[in-house]
Amino acid sequence: MKNNALPITDLKKYGIINEDLSFSKILREEDIKKFLQGYTMVADNGKNRATFQLTEDNTRLKVIFLERDRKLSEILESSKEKIQFSDMADLSSYDLKMLSLEKKAFIYDKEKNIVIEYDFVKNAIELTQVLAKKDDPKLMSIYKNELEKLKAYLQDKLEMYPEFSKEIIRDINIVSNEINTVNSISPDEKQLSKDSQSDVDLNVNDRDLYEDAQSERENERELPEETEERQKPRGMRR
């Protein structure tokens, strides 16, 4: 690891380091340590999320811009009353025909007073277990529907990008396994309430909506007050 070869210009551009080469004061010492070790730094601002990661022996800054279907503040506020499902599109790709899509679940932990963000793929098993413990047939039915939407999206992506078949098939298998798990623990649909209204607030954009995403991306995003590692469920204090 070479800290003396850091991409200074890019780090300044995104406000990670200052003109005097010191790290931003909003970053904790632990954040900086992990960042230099290759962990991903996450910055949220409204609907937007930017991720930063040092690669190539700390000589290059990898930046990815994403956009949610709603502002993070709205999701966190609503999650206190209802579990929230949300889509996030990767805007870093200029191929607008099939922008990468991530599906998230936001669950409020009353005991810890935090909202935890789960990724449908990265945290698949844990998310299913958490939702199953709610013992809510309607919730599981909606969750299964969201899993099926994600699987359909991944299958379309596989057809368009066969060169990435290994990674896409891996994700499809993960989602398929969770659908099977939900089927094994959920009651027959006939046993569910006839009420078609769900207690879970869904605000999920159709994939086609992302095709109209703007082609010019913002060059700078504000850093948040705290950063997290994307690979793990993210706890957000309210």
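**View 1. Asp57 lies in the loop between strand E2 (48–55) and E3.** The model shown in every view is predicted; local features need pLDDT of at least 70, side-chain atom pairs count only at pLDDT 80 or more, and totals for chains, interfaces and linings use all residues. Residues are numbered from 1 along each chain as its sequence is written, and side-chain values use heavy atoms, with hydrogens and water left out. Helices (H or I, at least four residues) and strands (E, at least two) are DSSP runs numbered from the N terminus. Asp57 is not a glycine, but has a positive phi of about 60°. Most residues other than glycine have a negative phi. Asp57 has a relative accessible area of 39% and is partly exposed. Buried means under 20% relative accessible area, exposed over 50%, and partly exposed in between (1.4 Å probe, protein chains only).

**View 2. The protein has 6 helices and 8 strands.** Along the sequence, the pattern is α-α-β-β-β-α-β-β-β-α-α-α-β-β. The protein has 238 residues, and 42% of them are buried. Contact means heavy atoms within 4.5 Å. Of the contacts between residues at least 6 apart in sequence, 60% join residues at least 24 apart.

**View 3. Lys62 is part of strand E3.** Its relative accessibility is 35%, and Lys62 counts as partly exposed. What does Lys62 touch, leaving aside its neighbours within four places in sequence? Its contacts are Thr51, Phe52, Gln53 and Thr55. Asp10 and Lys62 are 52 residues apart in sequence; their C-alpha atoms are 9.5 Å apart in space.

**View 4. Strand E4 (residues 84–90) is largely enclosed by the rest of the structure, because 7 of its 7 residues are buried.** Gln84, Ser86, Met88 and Asp90 point one way from E4. Phe85, Asp87 and Ala89 point the other way. Residues of both sets are buried. Two strands pair if DSSP finds at least two bridges between them. Strand E3 (residues 60–68) and E4 run antiparallel, joined by 3 bridges. Here Leu66 stands opposite Asp90 in E4. E4 also runs antiparallel to strand E5 (residues 101–109), with 6 bridges between them. Phe85 has Ala105 as its bridge partner in E5. For Ser86, the bridge partner in E5 is Lys104.

**View 5. Arg70 occupies the loop between E3 and helix H3 (72–79).** Is Arg70 buried or exposed? Arg70 is buried, at a relative accessible area of 6%. Its side chain makes a polar contact of 2.8 Å with the side chain of Gln84. The Arg70 side chain also reaches the backbone oxygen of Phe85, at 3.2 Å. A polar contact is a pair of N or O atoms within 3.5 Å; within protein, one must be able to donate a hydrogen and the other to accept it, and residues adjacent in sequence count only if both atoms are side-chain atoms. Gln84 and Phe85 point opposite ways from E4.

**View 6. E5 and E6 form a hairpin with 4 residues between them.** The two strands run antiparallel and are joined by 6 bridges. Ala105 stands opposite Tyr118 in E6. Of the 9 residues of E5, 8 are buried, so E5 is largely enclosed by the rest of the structure.

**View 7. Asn113 is placed in the loop between E5 and strand E6 (114–119).** Asn113 is not a glycine, yet has a positive phi of about 55°. Asn113 belongs to the turn of the E5–E6 hairpin. At 34% relative accessibility, this residue counts as partly exposed.

**View 8. Helix H4 (residues 124–132) meets helix H5 (residues 137–160), their axes coming within 10 Å and crossing at roughly 155°.** That crossing makes H4 roughly antiparallel to H5. On the H4 side, the contact is made by Ala124, Leu127, Thr128, Leu131 and Ala132. On the H5 side, Leu139, Met140 and Tyr143 take part. By class, this contact has 7 nonpolar, 1 polar and no charged residues. Ala, Val, Leu, Ile, Met, Phe, Trp, Tyr, Cys and Pro count as nonpolar, Asp, Glu, Lys and Arg as charged, and the others, Gly among them, as polar. Axes are lines fitted to C-alpha atoms, for helices over the stretch in contact, and angles run from 0 to 180 degrees between N-to-C directions. Angles under 35 degrees count as roughly parallel, over 145 as roughly antiparallel, 65 to 115 as roughly perpendicular and the rest as oblique.
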